[in-house]
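Dear colleague,

I am handing over a structure that you have not seen before, and I would be glad if you could read the notes below alongside it.

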Amino acid sequence: SNFDGTVVDRTDADTARVTVGTQGNGGHLAFEPPVLKISTGTTVEWKWTGNGGGHNVVFLNADIHSGQVTHEPGVHFRHRFEQSGTYRYACQPHRSLGQKGAIIVE
């Protein structure tokens, strides 16, 4: 519910960042940016703020995930996207509250 229609374009970068536990969905229960566009071969890193309790990153239609739920600040997950497509993901504990995101790979 924190997606306002803006897609952040990082197709010019080798590495792009998504912040986990940003303000949204009634607390620190959002990804920033919620939608990120990248080129194939780009690595995305998810950086936890330490806010909003424990988070993880679980992709809905791909076998990609960050593993255990963690609340510690820092970069806890990286993934290099080699195939084009749209990859939707969520924080498993906060999915029903709206903590969702997408990566568009061109």
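In these notes, helices (H or I, at least four residues) and strands (E, at least two) are DSSP runs, numbered from the N terminus. On that basis the protein chain has nine strands and zero helices. This is a predicted model, in which local features need pLDDT of at least 70 and side-chain atom pairs count only at pLDDT 80 or more, while totals for chains, interfaces and linings use all residues. Residues are numbered from 1 along each chain as its sequence is written, and side-chain values use heavy atoms, with hydrogens and water left out.

The radius of gyration of the protein chain (taken over C-alpha atoms) is 12 Å, close to the 13 Å that the globule rule (2.2 Å times the number of residues to the power 0.38) gives for 106 residues, so the chain is as compact as a globular protein of that length. Along its principal axes, the C-alpha trace spans about 30 × 30 × 25 Å. Buried residues, meaning those under 20% relative accessible area with a 1.4 Å probe and protein chains only, make up 42% of the 106 residues.

Turning to the strands, two of them are said to pair if DSSP finds at least two bridges between them. An open sheet of five strands has the order β1-β4-β9-β8-β6, with mixed pairing, and its edge strands, β1 (8-9) and β6 (58-59), each pair on one side only. Within this sheet, β8 (residues 85-90) and β9 (residues 100-105) run antiparallel and are joined by six bridges; G85 stands opposite V105 in β9.

A nonpolar core is a set of buried Ala, Val, Leu, Ile, Met, Phe, Trp, Tyr and Cys residues joined through side-chain atoms within 4.5 Å. The largest such core has 19 residues, of which W46, F59, F81 and I103 touch the most other members, and β2 (15-24), β4 (35-38), β5, β7 (74-81), β8 and β9 each supply at least two residues of this core. Leaving aside neighbours within four places in sequence, I103 is in contact (heavy atoms within 4.5 Å) with residues including V18, L36, W46, F59 and F81.

Finally, T42 lies in strand β5 (residues 42-48) and is buried, with a relative accessible area of 3%. The side chain of T42 reaches the backbone oxygen of S39 at 2.8 Å, and, neighbours within four places in sequence aside, the contacts of T42 include A13, D14, H79 and F81.

With kind regards

Note on methods: Buried means under 20% relative accessible area, exposed over 50%, partly exposed in between (1.4 Å probe, protein chains only). A polar contact is a pair of N or O atoms within 3.5 Å; within protein, one must be able to donate a hydrogen and the other to accept it, and residues adjacent in sequence count only if both atoms are side-chain atoms.
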